[in-house]
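Please look over the sequence and the structure shown below before reading on. The report that follows takes up strand pairing, side-chain directions and backbone angles in turn.

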Amino acid sequence: LVDFENFPGVNREHVEIILNKKGRGAGYCRNIGLDKVKGVWVTFADADDVFETDALNKCMNRYMTEKKDVVYLNAELVDAQTMESKPDFPYTIHINSGGVLDQEWIRYGFTNPWAKFVKNSFIKTYNIRFDETIAGNDVMFSLLCGYYAQDIVVDTTVIYYWLLRRSGNITSNISKEAIMDKFDVAVRKNCFIYSKNIKSCYRVNLYKAFMRTFHMIGMSYFKAFFVITKKTTPRYVLADLCLFI
């Protein structure tokens with residue numbers, strides 16, 4: 001149970017704790033936070049991850065007056081039990097490489113909201129919000145930030161540790177409602193990418209991502225095929241199916 005009366009940080013100077021007792025998921029809570037923002041920059045964290053606080057503070061001071069829309073900073077994928085860093089984490093690879101295509105991947109291929117500073121005025125200008133879903137609430141937020149940001153900074157400083165747990169986080173949630181939320185978000189991501197002429201390599205292959213998962217939640221393969229085909233842009237159906245098979 002959450003001790004609302006003695007919540008950590010509740011009496012800390014310059015900190016406002018907003019306690020949401022309605023539930024409704026991380027996206028709903030993050031949107032409440034966006035409505036309360038008073039500062040120039042916004043940054044995010046998942047509840048079960050940690051910041052590299054010294055690096056975070058230095059980067060906050062470094063970019064306090066930065067004019068860019070988004071500052072992309074570094075993160076490491078870390079085993080929560082051994083605290084060993086995973087060297088094959090794609091985000092770390094791309095941000096350290098720093099090429100033009102790497103920056104493109106950072107904009108469109110990375111769907112987590114953390115390890116970045118996003119200008120508050122930029123968020124408000126484009127009315128960028130989180131989906132209020134059980135799962136996948138951050139995918140469209142990250143994609144829209146990447147698409148609409150006119151100027152970005154890519155900084156290799158590690159400010160965030162994504163703690164990899166074997167079970168118990170929302171990423172591993174396989175409930176029917178969570179899976180259908182993830183599917184709906186993936187469909188909208190594909191539609192946005194198609195409508196904005198973003199490279200098709202950033203699309204989600206719905207057959208690969210959901211065919212077997214749908215079967216796990218009780219859907220027949222025939223029905224899964226029908227549902228996915230209906231939501232796949234016709235020009236990609238054959239190519240996506242070939243990659244799945």
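## Strand pairing

In which sense do strand β1 and β4 pair, and over how many bridges? In this predicted model, strand β1, made of residues 41-42, pairs with β4 in the antiparallel sense, and two bridges link them. Within this pairing, Trp41 has Lys119 in β4 as its bridge partner.

Strand β4 also pairs with strand β3, which covers residues 70-79; these two strands run antiparallel and are joined by three bridges. Here Tyr72 stands opposite Lys116 in β4.

## Side chains of strand β4

In a regular strand, the side chains alternate between the two faces of the sheet. Strand β4, which spans residues 116-119, can be read with this in mind: Lys116 and Val118 point one way, whereas Phe117 and Lys119 point the other way, and all of these residues are buried.

## Positive phi angles

Most residues other than glycine have a negative phi. Against that background, two residues of this model deserve a careful look.

Ala115 lies in the loop between α4 (100-108) and β4, and although Ala115 is not a glycine, its phi is positive, at about 65°. Is Ala115 buried or exposed? Its relative accessible area is 0%, and because buried means under 20%, Ala115 counts as buried.

Met83, which is also not a glycine, has a positive phi near 60°, and this residue is placed in the loop between β3 and α3 (90-97).

Conventions
Residues numbered from 1 in each chain as written. Predicted model: local features only at pLDDT ≥ 70, side-chain atom pairs only at ≥ 80, totals over all residues. Heavy atoms only, no water. Buried < 20%, exposed > 50% of the residue type's maximum accessible area, 1.4 Å probe, protein only. Helix = DSSP H or I, 4+ residues; strand = E, 2+ residues; numbered from the N terminus. Pairing = 2+ DSSP bridges.
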